[in-house]
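Me: Please go through the packing of this chain with me, one question at a time. I would like the cut-offs stated along the way.

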Amino acid sequence: MATSDTKLADTDEKIFIGKGEETAWLTLALANRHGLVTGATGTGKTVTLQVMAEGFARAGVPVFAADIKGDLSGISEVGEAKDFILKRAKEMGLTFQPDQFSTVFWDVFGEQGHPVRATVTEMGPLLLSRMLDLNDVQEGVLNVAFRVADENGLTLIDMKDLRALLDAIAPDGSRKAADDEEDPLAPIRKAAQSYGNVSKATVGTIQRQLLVLENQGGAKFFGEPALTLKDFMRTDRDGRGMVNILVADKLMQSPRLYATFLLWMLSELFEELPEAGDLPKPKLVFFFDEAHLLFTDAPKALMDKIEQVVRLIRSKGVGVYFVTQNPIDVPDKVLAQLGNRVQHALRAFTPRDQKAVAAAAQTFRPNPKLDTARVIMELGKGEALVSFLEGGGTPSMVERVMVRPPSARIGPITPEERKAIMDASPVKGKYDTAVDAESAYEIIQKRLAGTAAPADGSGGGEGGGILGQLGSIASTIFGTNVKRGRMSTGQVIARSVTRSVTDKVIGGVAADLGKSLGGSVGGSIGRALVRGALGGLLRR
């Protein structure tokens, strides 16, 4: 029996997703408990994602979503009353009302959206190592490079900065020990060697991996002006949340770059946003398409920290929704954090597929009226099994529903429509032109030319800078800058703990100072000791 459309409209407290024997509502106050949208290719995941994004936007919640195929871009244009849409709406007792949503397009390559950039310093050694597919030894050398950069006032903004720094810390076999005084980079090389053996071969390997990343277009991602994440958290003049779409069709050709970029965004959100507790609705909802790429070949330490960030970012008012083909693509520890579930059809053509269907069925709260495993294989296009959190945060019994039709256009927009949207964008001109500020590359070149102060970390010269002075004061207070010989394992652990305390004491000061200065210098100061939540958690 048809139900009045007024009863099935979004409200200030919940979003209407679909209808079967029961109506599927996503409660806004529980939307930051994260979610999962799964299903085989062609079963309707993208449309479901669009329906959810529209609901959040209507409620005034900004949305960020990766658009792998280009289909999600249609959310920016008025929906079309096509026959299949009108038929589905009528079956659900709805009156189709075309709509469109304020949209900002982003593109790492700057071709189909505003450029998205981060500095090398912001990315940090942990995520950069994953992006470059480095082993433990190579990651260790990269950590040494970042520490040396911090202590010598060498701001790392783009690829050439990192290359120049790696060249600077590599041993120079062409110089004899007696010639060190004539080597303007000798203090940097000595500083690097003080943290362990930095071999020229290992540095060379990292340089070659950087070349691979550059060939994939990754160099365009590193630079300034760096992305301000608050630009994702806007509402339009009608109070609706802005829909931020990352154009990812080309980015997906470099899966590791794609996954690491989105993981960096999560860690930055975690670091920058204050604690918010339980809110009536999220501050931002983040859709992570092709989510299995985040977990493929990830080391255990990184997996643990991903789980930790996903769990803790809820208290910052951010909801994270993973979109992938099968729930088994997501590790159990992360899956346990995803309370809102939408499962489209899965096909079971092999014994492995059958096990995957059984595993998917077990992730739902059982409904005695449904054979969940059987229904998963019978679902038609646009149908889904749904279980959303309710009441005190417990999952509802799984229900079979037909997902409501989107109000905006289904499918991609034209290049002309995209250009018109970008021309009217609230961030037009802010990121479109790259800025090459003085940073590590230029500073090192000056030292080689004999026009800059030595990098000995002393005095107020260019070598230490404000960051060097801040670190020196804190290190003196806590005794972490006292020169030592070869340390035992116990001493290494004790020193690491002491440095962790140092970081926590001055981290807030550094972050505030960085914000007040702005630009590359401020960014370096604000992040040198607190290098992003994910990296910071792993190093402690």
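Me: Which residues of H5 meet H15?
Reply: The model is a predicted one, in which local features need pLDDT of at least 70, side-chain atom pairs count only at pLDDT 80 or more, and totals for chains, interfaces and linings use all residues. Residues are numbered from 1 along each chain as its sequence is written, and side-chain values use heavy atoms, with hydrogens and water left out. Contact means heavy atoms within 4.5 Å. On the H15 side the residues are Ala440, Tyr441, Glu442 and Ile444, and on the H5 side they are Lys160, Asp161, Ala164, Leu165 and Ala168.

Me: How many charged residues does the contact of H5 with H15 have?
Reply: Ala, Val, Leu, Ile, Met, Phe, Trp, Tyr, Cys and Pro count as nonpolar, Asp, Glu, Lys and Arg as charged, and the others, Gly among them, as polar. By these classes the contact of H5 with H15 has six nonpolar residues and no polar ones, and the charged residues number three.

Me: Are H5 and H15 oblique or roughly parallel?
Reply: Helices are DSSP runs of H or I with at least four residues, strands are runs of E with at least two, and both are numbered from the N terminus. Axes are lines fitted to C-alpha atoms, for helices over the stretch in contact, with angles from 0 to 180 degrees between N-to-C directions. The axes of H5 (residues 159-169) and H15 (residues 440-448) come within 7 Å and cross at roughly 40°. Angles under 35 degrees count as roughly parallel, over 145 as roughly antiparallel, 65 to 115 as roughly perpendicular and the rest as oblique, so H5 and H15 are oblique.

Me: How are H5 and H6 placed to each other, oblique or roughly perpendicular?
Reply: The axes of H5 and H6 come within 8 Å, crossing at roughly 80°. The contact joins Asp167, Ala168 and Ile169 of H5 to Ile188, Arg189, Ala192 and Gln193 of H6. Its residues divide into four nonpolar, one polar and two charged. The two helices are therefore roughly perpendicular.

Me: What covers the buried residues of H6?
Reply: Buried means under 20% relative accessible area, exposed over 50%, partly exposed in between, with a 1.4 Å probe and protein chains only. In H6 (residues 186-193) the buried residues are Ala186, Ile188, Arg189, Ala191 and Ala192. Their cover includes H4 (136-151), H5 and H15.

Me: How are the rings of Phe64 and Phe286 arranged, stacked or edge-to-face?
Reply: Rings of Phe, Tyr and Trp (its six-membered ring) pair if their centres lie within 6.5 Å; planes under 30 degrees apart count as stacked, over 60 as edge-to-face and the rest as tilted. With 5.2 Å centre to centre and 25° between the planes, the pair is stacked.

Me: Is Pro282 buried or exposed?
Reply: Pro282 lies in the loop between H8 and E8. Beyond four places in sequence, Pro282 touches Leu28, Ala31, Asn32, Val61 and Gly317. Its relative accessibility is 6%, so Pro282 counts as buried.

Me: Where is Asn32 found?
Reply: Asn32 is at 5% relative accessibility and therefore counts as buried. Leaving aside neighbours within four places in sequence, its contacts are Gly277, Pro282, Arg314, Gly317, Val318 and Gly319. Its place is the loop between strand E2 (23-27) and strand E3 (35-38).

Me: How far apart in space are Leu389 and Ala29?
Reply: Leu389 is in strand E12 (residues 389-390) and is buried, with a relative accessible area of 7%. Leu389 and Ala29 are 360 residues apart in sequence. From C-alpha to C-alpha, the separation is 9.8 Å.
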